[in-house]
Amino acid sequence: MAEIKIPENVRDILKRLEDAGFAAYVAGGAVRDSLQGETPGDWDVCTSARPEEVQRLFSGERVVPTGLKHGTVTVVTGEKKGAGRDDGGTDSVEVTTFRRESGYSDRRHPDQVFFVRNVEEDLARRDFTVNAMAYSPKRGLCDPFGGRGDLEAGILRCVGEAGRRFEEDPLRILRALRFRAVRGFRPEEKTERALRQRYESLKEVSQERITAEMQKLMCGRYTAAVLDEYRDVFGCLIPELVPMFGFEQYSPYHNRDVWHHTLAAVEDIPPVPVLRMTMLLHDIAKPVVFILDDNGRGRFVGHPQRGAEMAEQILRRMRFPNQIVRQIVRLIRFHDVKLKPRRPEVRRMLSLLGEEGFEDLLAVKHADACGKYEKYIGEAEAKNEALRKCAQEILRDGDCLSVGQLAVDGEDLIRAGVPEGPEIGRILQELLDGVMDDTLKNEKTALIGAVKARMG
Ligand code: ATP
Ligand code: MG
């Protein structure tokens, strides 16, 4: 197994704590990732020093009392907070006092935090053995629950009794699935049984915590497999998914039911939360709008629009940030739009989605095709290529794609006799549509002429 190479600023924090007579370790995800030969995302320090003592010890630096009640102080060792360092660390490091937690009766925060004397007690509160290791250059690896062995075997095991740990904080159930989706760890038998028995208590956990884990879970290498294997859990979190399970499509395009088509699409798209969530929800309305026509063929008329509405509801309920909701909802609305690689159509899409949004839509279309019969994948790729080329030409030529790029503005319209008010915006949009469709030239005289003709 790999060495644990600690970034210099973190090493320095450990040393200063130790020199002042406290025990100090890096713990949790950083140790797990290092032992697997990966670069950790963040380095968390735990120590026997109390928060006030940490604050005092680092009073020369910027010290942010992030969560004093829970024992957490952030030590900022560089200029840019949160910025990456050359040696794989980050400039702000959370330093947390060894602690235990009592129950989580509100399913959000521990009722009470008790500071404790030794690192073993702190590690005992952590969720899984692979996450319950600490390391210090001076004291070596502290691994009271066999985390290293489990890590080597790729096993996810609760620290202590699984049922009780999931009862304390049901979010751990979703965390288990997240570690499975992202890292491929398999829950051992008791952990597996306990999570299958208790997943309904996830309903008691706050949406913010669920969604934070969900976003990570959706971006794993094994996400599709996890969604399928634990579909009951996801059906509990998002009940709208349930009708998709096993829903036959009776379609000449599809060799899979709606759910398995969805999973194939999730698997194909790059691991970015917006895109992965888009594919998970893109066909959510199919079971709702389904009709079987006279030829025995399944029809899903209006499923993109209806799906966009359902997705908006789901994502808002899950407290996804507005900006992300908007992006996903738009991609779902247009996922099935038939686009020809002709400038007017592509301009309208680019104008609506922006350059990045357009690229996302192509990724969505590719993934959607991957969930169908083989032969449609090649077809979709050729179509995407033509669309991409058309978009590049439009952007290269600087074609007009926004009201701001028109040769006239609101002032010009007022001078031409349009009354001030919301009508101005509507007319500018109409002019833009005309220009994008090549029915109007983007020149002042032509545009003003069109406005005057419109006013009669
Ligand atoms: P990541 O690589 O995503 O940051 P992580 O393991 O560091 O994974 P965090 O959510 O950052 O996950 O948590 C840091 C550590 O805190 C974990 O490794 C684990 O020891 C502990 N932990 C986090 N959440 C819980 C929880 N709900 N119950 C018990 N321990 C937890
Ligand atoms: Mg972490």
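Student: What share of the contacts in the chain with a separation of 6 or more comes from residues 24 or more positions apart?

Tutor: A contact means heavy atoms within 4.5 Å. Among contacts in this chain with a separation of 6 or more, residues 24 or more positions apart account for 63%. The model is predicted: local features need pLDDT of at least 70 and side-chain atom pairs count only at pLDDT 80 or more, while totals for chains, interfaces and linings use all residues. Residues are numbered from 1 along each chain as its sequence is written, chains are lettered from A and ligands numbered from 1 in the order in which they are written, and side-chain values use heavy atoms, with hydrogens and water left out.

Student: How many helices and strands has the chain?

Tutor: Both are DSSP runs numbered from the N terminus: helices are H or I with at least four residues, strands are E with at least two. The count here is 21 helices and 13 strands. The C-alpha trace spans about 85 × 60 × 40 Å along its principal axes.

Student: Which domains does the domain assignment give?

Tutor: Such bounds come from an automatic or database domain assignment. For this chain they are domain 1 (8-153), domain 2 (253-397) and domain 3 (403-455). The centres of domain 1 and domain 2, taken over C-alpha atoms, are 42 Å apart.

Student: How many of the residues of the chain count as buried?

Tutor: Buried means under 20% relative accessible area, exposed means over 50%, and partly exposed lies in between (1.4 Å probe, protein chains only). Of 456 residues, 50% count as buried. As for surface, accessible areas come from the Shrake-Rupley method with a 1.4 Å probe, and for residues only the protein chains shown count as cover. The chain exposes about 21700 Å², with carbon and sulfur atoms supplying 47% of it.

Student: Which residues have the most contacts inside the largest nonpolar core?

Tutor: A nonpolar core is a set of buried Ala, Val, Leu, Ile, Met, Phe, Trp, Tyr and Cys residues joined through side-chain atoms within 4.5 Å. The largest one here has 122 residues, and L17, F234, L241, L280, L281 and L413 have the most contacts inside it. Helix 17 (residues 343-370) gives the largest share of this core, nine residues. Another core of 12 residues lies apart from it, and A27, C46, L123 and A134 are among its members.

Student: What is L281 in contact with, leaving aside its neighbours within four places in sequence?

Tutor: With that exclusion, L281 touches L241, A311, I314, L315 and I332. L281 is also one of the buried residues of helix 13, together with V274, L275, R276, M277, T278, M279 and L280.

Student: Why is helix 13 largely enclosed by the rest of the structure?

Tutor: Helix 13 (residues 273-281) has nine residues and eight of them are buried, so the helix is largely enclosed by the rest of the structure. Its buried residues pack against helix 9 (207-218), helix 10 (223-229), helix 12 (258-268), helix 15 (303-317), helix 16 (322-334) and helix 17.

Student: Is K286 buried or exposed?

Tutor: K286 is buried, with a relative accessible area of 5%. This lysine lies in helix 14 (residues 286-289). A polar contact is a pair of N or O atoms within 3.5 Å; within protein, one must be able to donate a hydrogen and the other to accept it, and residues adjacent in sequence count only if both atoms are side-chain atoms. The K286 side chain makes a polar contact with the side chain of H254 (3.5 Å). Leaving aside neighbours within four places in sequence, K286 is in contact with Q249, H254, V258, F300 and H303.

Student: Which side chain does the side chain of E381 make a polar contact with?

Tutor: The partner is the side chain of H366 (2.6 Å). E381 sits in helix 18 (residues 374-396) and is partly exposed, with a relative accessible area of 40%.

Student: Where is D438 found?

Tutor: D438 is in the loop between helix 20 (422-436) and helix 21 (444-455). Its relative accessible area is 52%, which makes D438 exposed. Phi of D438 is near 65°, a positive value in a residue other than glycine. R319, in the loop between helix 15 and helix 16, also has phi near 65°.

Student: Which of the residues that surround ligand 1 are the closest?

Tutor: A residue is near a molecule if one of its heavy atoms lies within 4 Å of it. Ligand 1 is surrounded by 14 residues, the closest being R32, N131, D169, R172 and R178. A polar side-chain atom of D169 lies 2.9 Å from a nitrogen atom of the ligand. For oxygen atoms of ligand 1, a polar side-chain atom of R175 lies 3.0 Å from one, and a polar side-chain atom of K216 lies 3.2 Å from one. Taken alone, ligand 1 exposes 590 Å², of which the protein buries 78%.
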